Amino acid sequence: MNKPEVIVFGFDPAGPGGRLPGALLDTGWPILVQVGWPSEQWLARQQADLFVMRPAGIERPAERTRTLGRVTGRPVLWMVDPGDPEPEGLWQHLASEDWPVWALLPADAPKWQLVAVCRALMGSAGRLQQARQMVDEAMRKLEDRKIIERAKGILMDRFDLAESEAYKRLRDTAMRQRKPLREIAQSIIEFTALDETGSRRSGRGRR
């Protein structure tokens, strides 16, 4: 089983009650203890599989958790101490779209429970990321198709071509110039727009 890389926030080994939970240490996972809250640039560079947070040791933990979701897309586990107050604005942040895959456990949770929850979080986050990538790819393909269809229409109108012949010209040009079909289609659309703008201006000048 692969060992996930973990970054922890809000734990201070030198402070009272701020030591890392024994169950987390017992996993043998690589753990980076981050003292203080880093910049978003630092967060974006990290390749951690999971963030573990002690809300009592962080200012505005709900807001910080939301930042992790927006910047990294990685899952977050809160480890709470008995009697911890509810973080301010938690329910407002929970309703946001950029809230990460998230769970919480008591700081004294046994190792088996911590490992099970962490594995579930990482699995869910991975599936969610894959689903988002599939949606993004589908949207990109749909946009490509719209642009190509528009360029085909321009060629059909200007040169009185059948749809299959217009597409063949687009494809042959893309192959000859070694460029993506979308790029060729976009060039045709932009050239046509410039040509039409120039024609309108010329027409106004003649009047």
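Begin with the second largest pocket. By class, its lining holds nine nonpolar residues, two charged and no polar ones. Here Ala, Val, Leu, Ile, Met, Phe, Trp, Tyr, Cys and Pro count as nonpolar, Asp, Glu, Lys and Arg as charged, and the others, Gly among them, as polar. Select Pro55, Ala56, Pro61, Trp78, Val80, Asp84, Pro85, Glu86, Pro87, Leu90 and Leu104 to show this lining. The pocket has a volume of about 190 Å³.

A note on the model. It is predicted: local features need pLDDT of at least 70, side-chain atom pairs count only at pLDDT 80 or more, and totals for chains, interfaces and linings use all residues. Residues are numbered from 1 along each chain as its sequence is written, and side-chain values use heavy atoms, with hydrogens and water left out.

A pocket is an open set of points on a 1 Å grid over the protein atoms alone, where a 1.4 Å probe fits, with protein on both sides within 12 Å along at least five of seven lines; lining residues have an atom within 4 Å of a point. Grid points are joined across faces, edges and corners, and a volume is the space filled by probe spheres set on the points.

**The largest pocket**

Next, select Gly69, Thr72, Gly73, Arg74 and Arg132. Of the 14 lining residues of the largest pocket, these lie nearest its centre. The space inside is about 270 Å³. Its lining divides into five nonpolar, four polar and five charged residues. Which helix gives the most to this lining? That is α5, with four residues. Helices (H or I, at least four residues) and strands (E, at least two) are DSSP runs, numbered from the N terminus. Helix α3 (61-71), like α5 (111-159), supplies at least two lining residues.

**Along α5**

Select α5 from end to end. Its end C-alpha atoms are 71 Å apart, which agrees with the 72 Å that its 49 residues should span at 1.5 Å a residue. The expected span is 1.5 Å times one less than the number of residues. Step just past the helix to aspartate 160, where phi is positive, about 55°.

Now go back to lysine 152 and glutamate 149. They form a salt bridge, with the closest N and O atoms 3.1 Å apart. A salt bridge is a side-chain nitrogen of Lys or Arg within 4 Å of a carboxyl oxygen of Asp or Glu. The two residues sit three apart in α5, about one turn of the helix. Is lysine 152 buried or exposed? Lysine 152 is buried, at 7% relative accessible area, while glutamate 149 is partly exposed at 36%. Buried means under 20%, exposed over 50%, and partly exposed in between (1.4 Å probe, protein chains only).

The whole structure has 14 salt bridges. Select arginine 54 and aspartate 81: their side chains meet at 3.2 Å, N to O. This pair links distant parts of the chain, 27 residues apart: arginine 54 is in the loop between β3 and α3, aspartate 81 in the loop between β4 (76-80) and α4 (90-94). Then show Glu137, Arg140, Asp144 and Arg182, which are linked in a network of salt bridges.

**The strands**

Finish at β1 (residues 6-9). Val6 and Val8 on one side and Ile7 and Phe9 on the other are all buried. β1 pairs in the parallel sense with β2 (residues 31-34) over four bridges. Two strands pair if DSSP finds at least two bridges between them. Phenylalanine 9 has glutamine 34 as its bridge partner in β2. Four bridges also join β1 to the parallel strand β3 (residues 50-53), where isoleucine 7 partners phenylalanine 51.
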